[in-house]
There are 2 protein chains.
Amino acid sequence: MRIGELAIAAQSDVDTIRYYEKIGILHKPARTEGNYRYYKGAHVDRLRFVRHCRALDMTLDEVRLLLQFRDAPESDCAGVNQVLDEHIGHVTERIETLTLLEKELRRLRRQCRKALKAKDCGILVEIGNDAALVGRKAAKRHVAGTH
Amino acid sequence: MRIGELAIAAQSDVDTIRYYEKIGILHKPARTEGNYRYYKGAHVDRLRFVRHCRALDMTLDEVRLLLQFRDAPESDCAGVNQVLDEHIGHVTERIETLTLLEKELRRLRRQCRKALKAKDCGILVEIGNDAALVGRKAAKRHVAGTH
DNA sequence: AGAAACACTGGAGCCACTCCAGAGTCAAGC
DNA sequence: GCTTGACTCTGGAGTGGCTCCAGTGTTTCT
């Protein structure tokens, strides 16, 4: 099958497939006479695996780890569990952070109930205040920002 | 004050300050004879405002909007409320998505309780399965991925 | 006077794509 | 055989929000 078909089969995108090949997530496929990439069933399976991991919000580095186990069927799968446990930890942590953030944002939102002049708006005033700074120093984590 | 002092005063980083200047979030400051940036109180206030917004996980585009209101004290602040309401919506939505994701990940994790050979690991098997693909097509939103 | 600490610029790197231009390939219809 | 249109190829730039770097200059302290 050609790249477009593969994209459909694995719910992906041709650009993404080429990108995965470039960074070594997918193996280089054979080429046709006209230099088109030519894929087989194993490629579909592998790409689906990757897309599923991405749908679970794993990084490509995590996916790479899982692929190593997938490529070594006789190896011990403890590492798989570890990857998953850590990823779950990050997701849980991120939910907690966002929940706090939501609370803080809703509180801030209540500082202005009606349209006022900007200089009197409780929201702008408070954002400009020192005291208002929430304790969110280390905003860096595996499970990332809101954007 | 010089850039390093400003960074401390606003809990920021000198590289970030120069970056904000480059993209127009912060005004260009005066320079000393030795070509060092030279900041005053207004700069501290503005940068603190920006850092507070970022701590609330707003994008720099959202911050730019809020700064416009801050720079026009006589303007109507309805737009401020709107920016906040939309941002809160994104955060709430992201929490919901992540909560579903967490559930799915924990379910997946239960597929393998003890260390097995990779080929028998319920997790790897299931990730490789079609049926396992969660309905998370449109993963793109203002409130973003887990990383 | 020399060392340490700070600041300057321009550019690269991060992640996971996404989009583009300009060229080539291929199948179907006339 | 020729045209049209859909598909594919490559290499490179852009996204956000920084972060880090090299190589150079300035200031401060001893």
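Of the 60 residues in the largest nonpolar core, the ones touching the most other members are A:Val80, A:Leu124, B:Val80 and B:Leu124. A nonpolar core here is a set of buried Ala, Val, Leu, Ile, Met, Phe, Trp, Tyr and Cys residues joined through C-beta atoms within 7 Å. Buried means that 20 or more other C-beta atoms lie within 10 Å of a residue's own, with C-beta atoms placed from the backbone. The largest share of this core, nine residues, comes from α5(B).

A word on the model: it is predicted, so local features need pLDDT of at least 70 and side-chain atom pairs count only at pLDDT 80 or more, while totals for chains, interfaces and linings use all residues. Residues are numbered from 1 along each chain as its sequence is written, and chains are lettered from A and ligands numbered from 1 in the order in which they are written.

Back to A:Val80. Setting aside neighbours within four places in sequence, A:Val80 is in contact with A:Leu66 and A:Phe69, and also with B:Cys112, B:Ala118, B:Cys121, B:Ile123 and B:Leu124. Contact means C-beta atoms, placed from the backbone, within 7 Å.

A:Val80 is one of the buried residues of α5(A), as are A:His87, A:His90 and A:Arg94. This helix, residues 78-109 of chain A, has 32 residues and reaches 46 Å from its first C-alpha to its last, close to the 46 Å expected at 1.5 Å a residue. (The expected span is 1.5 Å times one less than the number of residues; helices are DSSP runs of H or I, at least four residues, numbered from the N terminus.) What do the buried residues of α5(A) pack against? They pack against α4 and α6 of chain A, plus α5 and α6 of chain B.

Now for the meeting of the two chains: 61 residues from chain A and 61 residues from chain B take part in the contact. On the side of chain A that touches chain B, the largest share, 21 residues, comes from α5(A). By class, that side has 32 nonpolar, 13 polar and 16 charged residues.

Then there's the DNA. A residue is near a strand if its C-beta atom, placed from the backbone, lies within 6 Å of it.

| DNA strand | Residues around it | Closest residues |
|---|---|---|
| C | 22 residues | A:Gly34, A:Thr59, A:Leu60, B:Gly4 and B:Arg37 |
| D | 22 residues | A:Gly4, A:Arg37, B:Gly34, B:Thr59 and B:Leu60 |

Near DNA strand C, α2 and α4 of chain A and α1 and α2 of chain B each supply at least two residues. The surface near DNA strand D gets at least two residues from each of α1 and α2 of chain A and α2 and α4 of chain B.

Conventions. Expected span 1.5 Å × (residues − 1). Buried ≥ 20, exposed ≤ 12 C-beta atoms within 10 Å, placed from the backbone. Nonpolar A, V, L, I, M, F, W, Y, C, P; charged D, E, K, R; others polar.
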